[in-house]
Amino acid sequence: MKSKKVCRVILRTPRMRRVRNNLRVILKLAVKSELNRLRHLESLYLHKKRRNGLTPSQQKRYSQVKRKRSRLYFRYIESTLQCGGSSACYSFQEAKKHGFNPQDRPTDLDLVWVPWLENWFCIKCFVLNRLGEMTHEDFGDPVKREWVREEFGI
Ligand SMILES: [Zn+2]
């Protein structure tokens, strides 16, 4: 997402929430399946590389697979398929208390785009972590701090 403004995507009708959740589950399964396939391919190339070395074309293909997996992984992490709060997500922690599989992440959440963090967060993480009240001083990295100050004026 490229928006420079905070953007809330809140669905109020149960039917639309169900549709969104089902789509997220399907997309998540597809992404995880592709990530597993790429991870397996990468491990085969790595094994061959350690045993016999790789030909130049195999080395090129190995680099392509690593790049593709890395790009897909980061796109997935920054997607609307789950909260950017990862395992620290308040909704995830609460769902775990009610028996939710700790290996998974909730997919039924309304999300908020936080442009200075370049990620989507659930409403609970957005509110409880006060992400909407952040300023450039909240960023440790001086380059990021300057970028946030200039880009968003916060
Ligand atoms: Zn969250």
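1. Confidence by element. In this predicted model, confidence is lowest in helix 3 (residues 90–97), with a mean of 93, and highest in helix 4 (residues 123–128), at 97. Here pLDDT is the predictor's confidence in each residue, from 0 to 100; the protein's mean is 94, and 100% of its residues reach 70 or more. Helices (H or I, at least four residues) and strands (E, at least two) are DSSP runs numbered from the N terminus.

2. Basis of the description. Residues are numbered from 1 along each chain as its sequence is written. Because the model is predicted, local features need pLDDT of at least 70 and side-chain atom pairs count only at pLDDT 80 or more, while totals for chains, interfaces and linings use all residues.

3. Helix 2. Among the 22 residues of helix 2 (residues 56–77), the count of buried residues is one. A residue is buried if 20 or more other C-beta atoms, placed from the backbone, lie within 10 Å of its own.

4. Strand 2 (residues 111–114) pairs with strand 3 in the antiparallel sense over four bridges; pairing requires at least two DSSP bridges. Val-114 stands opposite Asn-119. Four residues separate the strands, and Glu-118 in the turn has a positive phi of about 50°.

5. Strand 3. Asn-119 and Phe-121 on one side of strand 3 (residues 119–122), and Trp-120 and Cys-122 on the other, are all buried. In a regular strand the side chains alternate between the two faces of the sheet.

6. Contacts of Cys-83. Beyond its neighbours within four places in sequence, Cys-83 is in contact (C-beta atoms, placed from the backbone, within 7 Å) with residues including Leu-111, Phe-121 and Cys-125.

Notes. A residue is buried if 20 or more other C-beta atoms lie within 10 Å of its own, exposed if 12 or fewer, and partly exposed in between; C-beta atoms are placed from the backbone. Two residues are in contact if their C-beta atoms, placed from the backbone, lie within 7 Å.
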